[in-house]
Amino acid sequence: MTTSAPPWTISSSAERVELDATGKAQTTFTVTNHGPVDQRLVMDVVRSENAGRINVVVTEPQRLVPHGGSVTFLVTITAPPGTPPDQCWVAGRAYSADTAPEESSVLSDRVAFQIRPSEAPPPWWKKWWWVFAVAALVVIVLVVVLVVALGGDEPPPGPPVHASGEVIVPEGPFDFDELNRLDVRGDPASDVELFGAAIEAERFFQSDNARGMTRLGPSNDPRQACLDAELTPRFGVNLGEVNVGDVFCIETDQGRLSVAEVRNKVSANASSLTLAVTTFE
């Protein structure tokens, strides 16, 4: 009884490959299915007798090869350090995944490669020289930072604060130098006054004896915003127009800069206003 030849063939992409400095090389074998149906095929590698220490790895060794189509298998060859120099070869072998290899396998042509004498590995410090270079650079940067931080000039201190806190400004006069409500209208210490209109049920927040005043929108640096703003001697605003985060800039009767940030939303007829105030010297 005669067994028919398998309907697939296998071919190599090269007759010879060269191992690189690490003893590694790659090559490919292409399996072509000439039959009328798809085949699940296994790609294997045979080697010369003197290549017993060689590591051979096939990427995805079992694949479906469509009828009339081809599939290429990647093979990696690695000669471990210390492998004796010699001339070796490998060949691809393809067979059906559903039968024993000896019943359906076909071989490719041989792919030769030369194992060369192993070179002595470089001293460990040569391999990791860049680590020492980076470490030295980091040490230098840290030393410079420490010298600047410890031995350099200290940054100039911020402006001294005369008074600060969250205050509730009620109706009547208010002193922003000392953050106090004043009992008597017309008190020369009064910087700003919150008062109700005589005709309409609404209240205003306006300068009294303050040298200057204005209102700004929210700011990440209210003090600097106030320093850059133009303050007017007579300034007033309806409480209904005041929003949370607004900043009042006030130059007090004693010439201090007071920065007041609105903390609560108020209506036009509110009887008080909550402010976070810092008055600088």
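View A. Thr252 sits in the loop that runs between strand 16 and strand 17; helices (H or I, at least four residues) and strands (E, at least two) are DSSP runs, numbered from the N terminus. The model is predicted: local features need pLDDT of at least 70, side-chain atom pairs count only at pLDDT 80 or more, and totals for chains, interfaces and linings use all residues. Residues are numbered from 1 along each chain as its sequence is written, and side-chain values use heavy atoms, with hydrogens and water left out. At a relative accessible area of 0%, Thr252 is buried (buried means under 20% relative accessible area, exposed over 50%, partly exposed in between, with a 1.4 Å probe and protein chains only). Setting aside residues up to four places away in sequence, Thr252 touches Phe176, Asp177, Asp191, Ala210, Arg211 and Ser258, where contact means heavy atoms within 4.5 Å.

View B. Five strands make an open sheet in the order 9-18-17-16-14, and their pairing is antiparallel; two strands pair if DSSP finds at least two bridges between them. Strand 9 (161-170) and strand 14 (212-216) are at the edges with a single partner strand each, so one side of each has no neighbour in the sheet. On average, neighbouring strands of this sheet are turned by 20° against each other, direction ignored (axes are lines fitted to C-alpha atoms, for helices over the stretch in contact, and angles run from 0 to 180 degrees between N-to-C directions). Strand 17 (residues 257-262) and strand 18 (residues 272-280) run antiparallel and are joined by six bridges. Val262 has Leu275 of strand 18 as its bridge partner.

**View C. The disulfide of Cys226 and Cys249.** One disulfide is found in a search of the whole structure, a disulfide being a pair of cysteine sulfur atoms within 2.5 Å. The sulfur atoms of Cys226 and Cys249 are 2.0 Å apart. Cys226 belongs to helix 4 (residues 222-228) and Cys249 to strand 16 (residues 247-251), so that distant parts of the chain, 23 residues apart, are linked. The angle about the S-S bond is -75°, and the link of Cys226 and Cys249 is left-handed. Cys226 and Cys249 are both buried.

View D. An open sheet of four strands has the order 1-2-6-4, with antiparallel pairing. Strand 1 and strand 4 are at its edges; each has a single partner strand, so one side of each is left without a neighbour in the sheet. From one strand to the next, the twist averages 25°. Five bridges pair strand 1 with strand 2 in the antiparallel sense. Opposite Thr9 stands Thr32 in strand 2.

**View E. Nonpolar cores.** The largest nonpolar core contains 27 residues, and Met43, Ile54, Val75, Ile77 and Phe113 have the most contacts inside it; a nonpolar core is a set of buried Ala, Val, Leu, Ile, Met, Phe, Trp, Tyr and Cys residues joined through side-chain atoms within 4.5 Å. Elements giving two or more residues to this core include strand 2 (24-33), strand 3 (39-47), strand 6 (70-78) and strand 8 (106-115). Apart from this core lies another, of 24 residues, including Phe174, Phe235, Val237 and Val266. In soluble globular proteins, nonpolar side chains tend to be buried together. Beyond its neighbours within four places in sequence, Ile54 is in contact with Arg47, Ile77, Thr78, Ala79, Pro80, Thr83, Phe113 and Ile115.

View F. Ser104 is placed in helix 1 (residues 101-104) and is buried, with a relative accessible area of 8%. The side chain of Ser104 reaches the backbone nitrogen of Ser96 at 3.0 Å. A polar contact, also of 3.0 Å, joins the side chains of Ser104 and Thr99 (a polar contact is a pair of N or O atoms within 3.5 Å; within protein, one must be able to donate a hydrogen and the other to accept it, and residues adjacent in sequence count only if both atoms are side-chain atoms). Not counting residues up to four places away in sequence, Ser104 touches Pro6, Trp8, Ala94, Tyr95, Ser96 and Thr99.

**View G. Two residues with positive phi.** Glu60 is not a glycine, yet has a positive phi of about 50°. Glu60 lies in the loop between strand 4 and strand 5 (62-65) and is exposed, with a relative accessible area of 52%. Leu179, not a glycine either, has a positive phi of about 60°. Leu179 is in the loop between strand 10 (172-175) and strand 11 (180-181) and is buried, with a relative accessible area of 13%.
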